[in-house]
Amino acid sequence: MSEVVDVLVVGAGMSGLIAARALMPTCSVVVVDKGRGLGGRLATRRIGDAVFDHGAQFFTADGPAFAALVASWVSSGVAEPWFDQLPESNTAPTPVRDQPGGRVRYRGVPAMTTLAKALADGLDARRATTVTSVSVVDGQWQARLASGAAIRAGALVLSSPVPQSLALLDAGAVALAKADRSALERVAYDPCLAVLAPLDGPSGLADPGAKRFDGTTLAWLADNQLKGISPVPAVTLHGSPEFSRVHWDEPDAVIVDALLGVAGLASAAVAGETQVMRWRYAKPSVIHDRPVLLAADLPPLVFAGDGFGGPRVEGAALSGWAAAAALVAPTD
Ligand SMILES: Cc1cc2nc3c(=O)[nH]c(=O)nc-3n(C[C@H](O)[C@H](O)[C@H](O)COP(=O)(O)OP(=O)(O)OC[C@H]3O[C@@H](n4cnc5c(N)ncnc54)[C@H](O)[C@@H]3O)c2cc1C
């Protein structure tokens, strides 16, 4: 016998968790994620004593709905302002206390995954649970899990990056309406090669510990100790989309040397193990023109995520709310 729920949400990133929270008061919801932790691209990792935010580095709150959520996080200690001004190319950002009127960049406290933990509180959110296919059985959705188990649901939210969502439907032989399929295939993402390097001394970055680069190799450098999440020196480096595409299959050591070199950090400054994270779907470069896509001619199926709401944490959140609204009162 399969487990049966009202709504199954695939993906416990910002969009999936927000959708599940919005639906939870009115129906039974299960969220599943293949990751070892919750949060998707809100990702924090430890190497020895060093702690790294290695996906999203900060978030902004431009609209009232997300601003209200962020305000609640700040008052409960889950998030705090990090800095005010967008870092200019090759210059350090301004610490928040020096620019009280700027656009605030927030960080999770102690780190970015804390946001996911806060959102998952009270939810049935299951980590290390990979969906291998979704199909329609007797008018309901059925998700097959890598464990061999299955979950049936009246409605399905696919909040994974769109190519991954399409692969799940293809594996279950689900035929999307032609217009939906071509709209979904237009959504595109840039990759990002991220290097996590513990250092044996200070990075040399100024407070608050971040620098944006506008070259074709390195896009971003952050000092996780100055940011306040790592007790020891530890930097996160993000390759540019161009660099990440070209060097995707290179050995880790080549990627580490190239990014450390452009950052002006000698590999001799590295203390211990470095790691390379490969974000194949880091940020959408082409987004859908609506905050979700409600599939036609199928049991309720909503596609959500930053590929719909916009290429930022706030965009993913807006898409999550829109996904819940589309299931409660479909308009598309
Ligand atoms: C390197 C990097 C830097 C970034 N920097 C910023 C920044 O500074 N500011 C900002 O606002 N945004 C930033 N972003 C973008 C931001 O992280 C995303 O917009 C947002 O987190 C996306 O949330 P989501 O819910 O749409 O997707 P995700 O967080 O990707 O969630 C989708 C989830 O689906 C799960 N999943 C996929 N397939 C399956 C399956 N078969 N079974 C089960 N689960 C599955 C995944 O494990 C994942 O957890 C950055 C992203 C990256 C990668």
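The dialogue below takes up a helix, a group of strands and the surroundings of the ligand in this predicted model.

Trainee: How many residues of helix H1 are buried?

Mentor: A general idea comes before the case. An α-helix has 3.6 residues a turn, so residues three or four places apart point the same way. In helix H1 (residues 14–23), eight of the ten residues are buried, so the helix is largely enclosed by the rest of the structure. Among the buried residues are Met14, Ser15 and Leu23. The buried residues of H1 pack against several elements, including strand S1 (3–10) and helix H10 (313–328).

Trainee: Which residues pair with tryptophan 220?

Mentor: In a regular strand the side chains alternate between the two faces of the sheet. Here, tryptophan 220 in S13 stands opposite arginine 212, and in S14 its bridge partner is histidine 238. Strand S12 (residues 210–212) runs antiparallel to S13 and is joined to it by three bridges; five bridges join S13 to the antiparallel strand S14 (residues 234–239). Five of the six residues of S13 (residues 218–223) are buried, so S13 is largely enclosed by the rest of the structure.

Trainee: Which residues come nearest to the ligand?

Mentor: Of the 34 residues around the ligand, those are Ser15, Asp33, Arg41, Phe58 and Asp306. A polar side-chain atom of aspartate 306 is 2.7 Å from a ligand oxygen atom. The protein covers 94% of the 1000 Å² of accessible area that the ligand has on its own. Strand S15 supplies the largest share of the shell, three residues.

Methods
Residues numbered from 1 in each chain as written. Predicted model: local features only at pLDDT ≥ 70, side-chain atom pairs only at ≥ 80, totals over all residues. Heavy atoms only, no water. Buried < 20%, exposed > 50% of the residue type's maximum accessible area, 1.4 Å probe, protein only. Helix = DSSP H or I, 4+ residues; strand = E, 2+ residues; numbered from the N terminus. Pairing = 2+ DSSP bridges. Contact = heavy atoms within 4.5 Å. Near = heavy atom within 4 Å. Polar contact = N/O pair within 3.5 Å; in protein donor to acceptor, adjacent residues only side chain to side chain. Areas by Shrake-Rupley, 256 points an atom, 1.4 Å probe, with all protein chains shown as cover.
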